[in-house]
Amino acid sequence: AGHDGSKTLSSVAQREGIELPVRWTQRLVAELKRERAKQERERIDAARVSQHMRARDALWSCDESFLGRDEHGEARGLLVRECCTPTTLWLSIGPPATASELVGALQNAAAERGAWPMVIAFDNGAANRSAEVARLLEEQQVVALFNLPRTPQHNPFVEREWGDLKRAARLEHVLDGVPRASYVDGGAWRAALRERLDAARVALKRTPRARLGGSTPDEIDERAPRAEDLTCRARFHHEVCAALARIADLPLKRRARRLAEREAIFHALEEHGLLYRTRGNGRLSRPSKRKGLV
């Protein structure tokens with residue numbers, strides 16, 4: 001019942017009239033917990049579904065990350081990432097982004113990229129779910145894909161990109177006050193922080209990766225087909241919106257509704273040849289039973 005430590009084991013043994021050496025019980029319980037943790041990891045790995053993009057600008061991912069704090073308050077990085085290749089499309093530093101700032105970031109990323117994505121992944125932040133962002137995405141015929149609450153695993157592409165950027169810029173252990181120790185005013189600290197992240201961003205784009213077959217992200221990005229060359233944006237957007245409208249009419253609880261919405265979007269990406277999914281050890285994932293909802 002959750003009380004599975006060595007002291008509990010010793011107490012149970014004493015009630016049965018058995019004397020157990022303390023170190024032996026501690027070692028035994030540690031081994032049992034390691035085995036239980038290993039089994040849980042194997043279960044999670046076997047059930048994990050991974051998304052693999054077939055085209056650039058099919059799916060973008062957007063998220064903020066805490067970078068430090070100075071006299072002006074929190075410094076957060078706002079990142080927009082291409083999900084077909086590990087490519088940062090937009091990076092800015094400032095206070096937590098407002099809806100209008102997020103709209104500007106997405107417009108700037110699209111202008112630099114020369115295209116909008118079919119789908120963009122967000123967490124459940126207030127700016128992400130704002131009317132301004134929803135209006136922009138509707139105008140551009142872009143579908144919003146939202147995480148389950150407090151589930152960063154649903155937005156893995158941008159989470160990994162932030163990890164790569166922080167390691168490349170040597171910011172893994174940047175905590176409150178540490179990165180600004182050499183700077184008198186926060187403006188200089190933020191400028192230096194931006195310079196380090198920009199340098200890391202450029203270096204990562206030009207670094208060969210084993211999982212990319214020895215190619216750099218820039219090289220893969222140049223070779224990847226464009227989503228709009230593989231499917232029609234208007235048809236894709238219409239089909240997904242129709243599926244989401246049908247789900248909205250179903251008597252589902254909030255969690256089940258969100259999962260059904262996510263499955264509808266991924267299913268549409270698969271149907272249009274923009275994505276394939278694998279489960280566990282890399283075998284192709286069978287379509288979810290929620291496919292029937294769409």
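What is the strand order of the open sheet of 5 strands? I looked this up first, noting that the model is predicted. The order reads β4-β3-β2-β5-β6, and the pairing is mixed. I recorded β4 (87–94) and β6 as the edge strands, each of which pairs on one side only. From one strand to the next, I find an average twist of 25 degrees.

I then turned to β5 and β6, which pair in the parallel sense over 4 bridges. For F122, I noted F146 in β6 as the bridge partner.

Next I examined the helices on the sheet. Helix α3 (residues 99–113) packs on the sheet and touches β2 (59–70), β3 (73–82), β4 and β5. I noted that the direction of α3 makes about 145 degrees with that of β4. Helix α5 (residues 156–168) lies across β2, β3 and β4, and I recorded its run at about 45 degrees to β2.

I looked up helix α9 (residues 233–248) separately. Its 16 residues reach 22 Å from the first C-alpha to the last, close to the 22 Å expected at 1.5 Å a residue. As buried residues of α9 I listed R233, F236, H237, V240, A243 and I247. Seen down the axis of α9, these fall within an arc of 135 degrees, so they line one face of the helix. I noted that their cover includes β5 (119–122), α4 (131–140), β6 (143–146), α8 (227–230) and α10 (254–271).

Finally, I checked the cysteines and found 0 disulfides. For C83, the nearest cysteine sulfur is that of C84, 9.0 Å away. C83 is buried, at a relative accessible area of 5%, whereas C241 is partly exposed, at 32%.

Technical notes:
Residues numbered from 1 in each chain as written. Predicted model: local features only at pLDDT ≥ 70, side-chain atom pairs only at ≥ 80, totals over all residues. Heavy atoms only, no water. Helix = DSSP H or I, 4+ residues; strand = E, 2+ residues; numbered from the N terminus. Expected span 1.5 Å × (residues − 1). Buried < 20%, exposed > 50% of the residue type's maximum accessible area, 1.4 Å probe, protein only. Arc of directions from axis to C-beta. Contact = heavy atoms within 4.5 Å. Disulfide = S-S within 2.5 Å. Pairing = 2+ DSSP bridges. Axes fitted to C-alpha atoms, helices over the stretch in contact; angles between N-to-C directions.
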